[in-house]
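Please look over the sequence and the model before reading on. The text below goes from the overall layout to single residues.

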Amino acid sequence: MKVFFILCFALLASSSSNTESQNLSGHWTLICYENTDTRQRDCRPEAQWQKGRLAFQFSDDGKQGELRGKTTSNRVFGSYQLRENQNLEVLSFGGTKVAERGWGKDFWEHINQVTSYEHQHDTLRLYYDFNKCMIFVPYQAVEQGEGSE
């Protein structure tokens, strides 16, 4: 009986560490674009991850959410809705209107195409265009009062 209890406890503990979060809440920085078919990635240099650009705060209750942050040139804001099976709908997205280029321009183009998400541990993936995703990691500088807003 003891062995059965220990096995059940171990199984529960391991399965809970692999569960995905049902929200996007947190401070995130965009680090890569990935083609999920080929696994080809276009990633920013790691030294740029905490510089305050491409940093976003997602805040939701597991159903409705808001995002705000900075692209490479603009402050941005929007709202989204989380649906069953990790589906996501961007309800609105906008921001200041300074000409955007590079990664910031790509983010503006792709955020409205997002249809689903995956949030595991310290990684957030937003999927768009059937076989592409944006990969985010936690953004520490926002929590220290730097970066967005």
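The model is a predicted one. It contains three helices and nine strands, and from the N terminus the order of these elements is α-β-β-β-β-β-β-α-β-β-β-α. Of the 149 residues in the protein, 40% are buried. Among contacts with a separation of 6 or more, 52% join residues 24 or more positions apart. The accessible surface amounts to about 8900 Å², and carbon and sulfur atoms account for 52% of that area.

In soluble globular proteins, nonpolar side chains tend to be buried together. Here the largest nonpolar core has 24 residues, and Leu-126 and Met-134 have the most contacts inside it. At least two residues of this core come from each of strand 1 (26–35), strand 3 (55–60), strand 5 (75–82), strand 6 (88–95), helix 2, strand 7 (114–120), strand 8 (123–128) and strand 9 (132–138). A second, separate core has six residues, including Ile-31, Trp-49, Cys-133 and Val-137. Leu-126 itself, with neighbours within four places in sequence left aside, is in contact with Leu-24, Phe-58, Ile-111, Val-114, Ser-116, Tyr-117, Lys-132, Cys-133, Met-134 and Phe-136.

Helix 2 spans residues 102–111, and its buried residues are Trp-103, Gly-104, Phe-107, His-110 and Ile-111. Viewed down the helix axis, these buried residues lie within an arc of 135°, so they line one face of helix 2. An α-helix has 3.6 residues a turn, so residues three or four places apart point the same way.

Leu-24, one of the contacts of Leu-126, sits in the loop between helix 1 (2–17) and strand 1. Is Leu-24 buried or exposed? Its relative accessible area is 0%, so Leu-24 is buried. Leaving out neighbours within four places in sequence, Leu-24 is in contact with Phe-58, Asp-60, Tyr-80, Leu-82, Leu-88, Tyr-117, His-119, Leu-124 and Leu-126. Leu-24 and Leu-124 are 100 residues apart along the chain, yet their C-alpha atoms are separated by 7.5 Å.

Glu-34 belongs to strand 1. Glu-34 has a relative accessible area of 4% and is therefore buried. Which side chain makes a polar contact with the side chain of Glu-34? The partner is the side chain of Arg-41, at 2.9 Å. Beyond residues up to four places away in sequence, Glu-34 touches Arg-39, Gln-40, Arg-41, Arg-125, Asn-131, Lys-132, Cys-133 and Ile-135. Of these, Cys-133 is also part of the second core, and Lys-132 and Cys-133 are also contacts of Leu-126.

Key
Residues numbered from 1 in each chain as written. Predicted model: local features only at pLDDT ≥ 70, side-chain atom pairs only at ≥ 80, totals over all residues. Heavy atoms only, no water. Buried < 20%, exposed > 50% of the residue type's maximum accessible area, 1.4 Å probe, protein only. Helix = DSSP H or I, 4+ residues; strand = E, 2+ residues; numbered from the N terminus. Arc of directions from axis to C-beta. Contact = heavy atoms within 4.5 Å. Areas by Shrake-Rupley, 256 points an atom, 1.4 Å probe, with all protein chains shown as cover. Core = buried A, V, L, I, M, F, W, Y, C linked by side-chain atoms within 4.5 Å. Polar contact = N/O pair within 3.5 Å; in protein donor to acceptor, adjacent residues only side chain to side chain.
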